[in-house]
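Thanks for asking me to look over this one. Here are my notes, point by point, for you to read alongside the coordinates.

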There are 2 protein chains.
Amino acid sequence: MPSPSLLQQLISALRCLPGVGAKSAQRMAYHLLERDRDGGRELSRVLAQAMESIGHCSRCRTLSESGLCRLCANPERDPTQLCIVETPADQAMIEQAIDYRGCYFVLGGHLSPLDGIGPKEIGLDHLDERFAEGEVKEIILATNPTIEGEATAQYIHDMAETRKIKTTRIAQGVPMGGELEYVDGATLAHAFRGRSEF
Amino acid sequence: MPSPSLLQQLISALRCLPGVGAKSAQRMAYHLLERDRDGGRELSRVLAQAMESIGHCSRCRTLSESGLCRLCANPERDPTQLCIVETPADQAMIEQAIDYRGCYFVLGGHLSPLDGIGPKEIGLDHLDERFAEGEVKEIILATNPTIEGEATAQYIHDMAETRKIKTTRIAQGVPMGGELEYVDGATLAHAFRGRSEF
């Protein structure tokens, strides 16, 4: 068996990307080599730099090039409101979608005792220190509406309660554009329980 | 407007990959940063090396790290048979699928006069020199079954004819596993014309 050619190495390296299988990796490799070498070079350069230089914000734990992320360093953000999300992608989604002016705390996952992920692994000791500072008046729990996300939200709610901090949870219900017929029962039950006056 | 962050640069660099839009690029960037930094570093390294070191084989024009590709350098391949394909991906597909023992010639596209792609741009001058060597006895035209691919095949057939080289074209018909009901008319017409005894 000869050692794999550089082309084969490139195809297998591309498979580290999520959602990219053997066939797409091959297509990507040929595309870059035949039609976009400059794009490939630029991707290689940015990728190396990003893997080395992007760390986590010391305050909110999101991905950041500097010790303190742009958002935490921004004096115009309201430090009394703290939105708690599972991932930096969730944070980015909220930033893009709505006009929220408070701060964030990024867990980097959810509680999952069976996988060895306890409070410390998702930075809750760090979060409790932040609560102790006394600046935070309201936390908005925006963990995913899954079993693990709910359990994590419940745990953080209990932590906040002992510090006498108000806790809110983002609403659960039928999504915009969804059709009732195709919505699952649990979602529908949430939508009924959470109904508001018209 | 502040300069884009390294994360934003990474997301936009990933969009040079075919089939990757804003949302997938974002997902890929977060995945590499949160879960697979080693994979990202390896991809960056291989990518840079591939973009610099992979060129084209001087004989068959396929992608190759060395001046002569492994296949052209292999004395066990039959030099009297020459399969002509549009892209290195087509060549790879044939190599994986069937037990062909001849050689290849990779055009790198098809004739497209409106886009300024004439015989010279797809290496036909080079192919004619190869014909002139006298070693090739049969060419197998495996260009795509599209209008442009057919026109390119016809052009190469005419070139071969003046050199008295036998030309064959891969069969066109209904694909394996396809259903007649959903096959287009042109394919069905080809399948009827090309019918063989059972």
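The points below go through the predicted model from the chain contact to single residues.

1. **The contact between the chains.** Chain A gives 50 residues to the contact, and chain B gives 50 residues as well. Together the two chains bury about 4,700 Å², with 67% of that area on carbon and sulfur atoms. If you want to look at particular side chains here, begin with Leu6(A), Pro18(A) and Met51(A): they supply 15% of the area that chain A buries against chain B, more than any other three residues.

2. **Polar pairs across the interface.** The interface of chain A and chain B has 11 residue pairs in polar contact, counting pairs with both residues at pLDDT 80 or more. Which elements of chain A give two or more residues to the side that touches chain B? They are helix H1 (6-14), helix H2 (22-35), helix H3 (37-53) and helix H5 (88-97) of chain A. H3(A) provides the largest share of that side, with 15 residues.

3. **Charged pairs across the interface.** Two salt bridges cross between chain A and chain B. In one salt bridge, the side chain of Arg41(A) meets that of Glu52(B), at 2.6 Å from N to O.

4. **Salt bridges within the chains.** Over all chains the structure holds 18 salt bridges. One of them joins the side chains of Arg59(A) and Glu133(A), at 3.1 Å from N to O. This pair links distant parts of the chain, 74 residues apart: Arg59(A) is in the loop between strand S1 (55-56) and strand S2 (63-64) of chain A, and Glu133(A) is in helix H6 (residues 124-133) of chain A. Arg59(A) is partly exposed, with a relative accessible area of 27%, and Glu133(A) is partly exposed at 48%.

5. **Two pairs in chain B.** Arg45(B) and Glu42(B) form a salt bridge through their side chains, at 3.2 Å from N to O. Both sit in helix H3 (residues 37-53) of chain B, and because they are three residues apart, about one helical turn separates them. Arg45(B) is partly exposed at 43% relative accessibility, and Glu42(B) is partly exposed at 36%. Another salt bridge pairs Asp128(B) with Arg163(B), whose closest N and O atoms are 2.9 Å apart. Asp128(B) belongs to helix H6 (residues 124-132) of chain B and Arg163(B) to the loop between H7 and S6 of chain B, so this pair ties together parts that are 35 residues apart in sequence. Asp128(B) is partly exposed at 24% relative accessibility, as is Arg163(B) at 38%. Elsewhere, salt bridges with shared partners join Asp38(A), Arg41(A) and Glu52(B) into one network.

6. **Cysteines.** Cys60(B) is buried, at 1% relative accessibility.

7. **Backbone angles to check.** Most residues other than glycine have a negative phi. Arg61(B) is not a glycine, yet has a positive phi of about 70°. Arg61(B) is in the loop between strand S1 (55-56) and strand S2 (63-64) of chain B and is partly exposed, at 23% relative accessible area. Lys164(B), also not a glycine, has a positive phi of about 60°. Lys164(B) lies in the loop between helix H7 (147-162) and strand S6 (166-169) of chain B and is exposed, at 75% relative accessibility.

8. An unreviewed UniProt entry lists residues 80-175 of chain A as "domain: Toprim". Over that stretch the chain is 38% helix and 20% strand, with the end C-alpha atoms 29 Å apart. Thr143(A) is in the loop between strand S5 (138-141) and helix H7 (147-162) of chain A. Is Thr143(A) buried or exposed? Thr143(A) is buried, with a relative accessible area of 1%. A polar atom of the Thr143(A) side chain lies 2.9 Å from the backbone oxygen of Gly149(A). Leaving aside residues up to four places away in sequence, Thr143(A) touches residues including Ile84(A), Glu86(A), Leu107(A) and Arg169(A).

Definitions and conventions. Residues numbered from 1 in each chain as written. Chains lettered and ligands numbered in written order. Heavy atoms only, no water. Buried < 20%, exposed > 50% of the residue type's maximum accessible area, 1.4 Å probe, protein only. UniProt positions renumbered as here; feature names shortened; annotations may be inferred. Helix = DSSP H or I, 4+ residues; strand = E, 2+ residues; numbered from the N terminus. Contact = heavy atoms within 4.5 Å. Buried area = accessible area lost by both parts, 1.4 Å probe. Salt bridge = Lys/Arg side-chain N within 4 Å of Asp/Glu carboxyl O. Polar contact = N/O pair within 3.5 Å; in protein donor to acceptor, adjacent residues only side chain to side chain.
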